Amino acid sequence: MLQTAHGSLTVGLDAQPGQALLVRGGTSSVGMAAAVLGKRLGMTVLSTTRNPAKADALVKIGVDHVLIDDGDVADQVRRIYPDGMDAALELVGTPTLPDTLRATRVHGVTCFTGMLSDQWIVERFYPIGYLPRGVRLSAYGGEAADLPSVVLQSFLDDVESGHVSVPVARVYRLDQIAEAHADLETGRHSGKLVVRTDR
């Protein structure tokens with residue numbers, strides 16, 4: 001979660017303090033971690049959820065603007081930022097990617113990281129017709145080794161001091177693993193689902 005969020009912000013988006021960040025798929029564990037990291041960096045964070053009941057979870061982690069994803073997030077974004085976002089993190093997948101690109105300003109960057117929708121391919125991709133003029137599209141996929149130890153330790157120190165909270169939605173016992181998987185598949189919770197292996 002932390003590695004993917006960190007890599008998306010630093011490698012995929014080259015996120016900078018003072019920029020505005022859109023997180024599409026904001027109540028996923030990676031989305032929540034990206035919002036937390038974006039706020040730590042000094043960004044203004046807009047984050048989406050399809051479920052209005054999950055909006056409070058985003059407010060609690062410091063999101064500046066919660067957007068209810070009705071399929072037209074670009075229009076909502078441009079009511080707040082008429083020129084569009086500096087950076088947009090796409091975690092839902094190819095069905096929402098065109099709208100996320102439309103929410104991004106000229107010379108802004110959209111990073112495609114997640115496929116929560118399980119749709120991975122853009123069929124019949126024609127770049128000039130697909131990409132808005134001047135908007136940059138990048139992607140991020142990485143490994144645990146891509147997370148610098150100093151970043152991990154800084155995050156853990158902030159968690160320990162109470163400056164940052166890890167968005168853990170629910171903790172399960174090992175004998176509840178089927179329930180945890182069902183909850184993951186249905187998107188019932190906002191944040192990370194944890195299965196403990198001890199009794």
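Let me start with two helices: H2, residues 29–41, packs against H7, residues 149–161, at an angle of about 90°, and their axes are 13 Å apart. That makes H2 roughly perpendicular to H7. Keep in mind that this is a predicted model.

Which residues in H2 and H7 meet? From H2 they are Val36, Leu37 and Arg40, and from H7 they are Ser154, Phe155 and Asp158. Sorted by class, this contact has 3 nonpolar, 1 polar and 2 charged residues.

In soluble globular proteins, nonpolar side chains tend to be buried together. Here the largest nonpolar core has 29 residues, and Leu13, Leu21 and Ile61 touch the most other members. At least two residues of this core come from each of helix H1 (2–12), strand S1 (20–24), H2, strand S4 (85–90), strand S5 (104–112) and H7. H2 gives the largest share, 7 residues. Setting aside residues up to four places away in sequence, Ile61 touches Met32, Ala35 and Val36. There is also a second, separate core of 10 residues, with Leu22, Leu67, Ala74 and Ala103 among them.

Last, one residue in detail. Serine 8 lies in helix H1. Is serine 8 buried or exposed? Its relative accessibility is 0%, so serine 8 counts as buried. Beyond its neighbours within four places in sequence, serine 8 is in contact with Leu13, Leu89, Cys111, Thr113 and Tyr140. Serine 8 and tyrosine 140 are 132 residues apart along the chain, yet their C-alpha atoms are separated by 5.6 Å.

The side chain of serine 8 makes a polar contact with the side chain of threonine 113, at 2.9 Å. A polar atom of the serine 8 side chain also lies 2.8 Å from the backbone oxygen of threonine 4.

Notes. Residues numbered from 1 in each chain as written. Predicted model: local features only at pLDDT ≥ 70, side-chain atom pairs only at ≥ 80, totals over all residues. Heavy atoms only, no water. Axes fitted to C-alpha atoms, helices over the stretch in contact; angles between N-to-C directions. Helix = DSSP H or I, 4+ residues; strand = E, 2+ residues; numbered from the N terminus. Parallel < 35°, antiparallel > 145°, perpendicular 65-115°, else oblique. Contact = heavy atoms within 4.5 Å. Nonpolar A, V, L, I, M, F, W, Y, C, P; charged D, E, K, R; others polar. Core = buried A, V, L, I, M, F, W, Y, C linked by side-chain atoms within 4.5 Å. Buried < 20%, exposed > 50% of the residue type's maximum accessible area, 1.4 Å probe, protein only. Polar contact = N/O pair within 3.5 Å; in protein donor to acceptor, adjacent residues only side chain to side chain.
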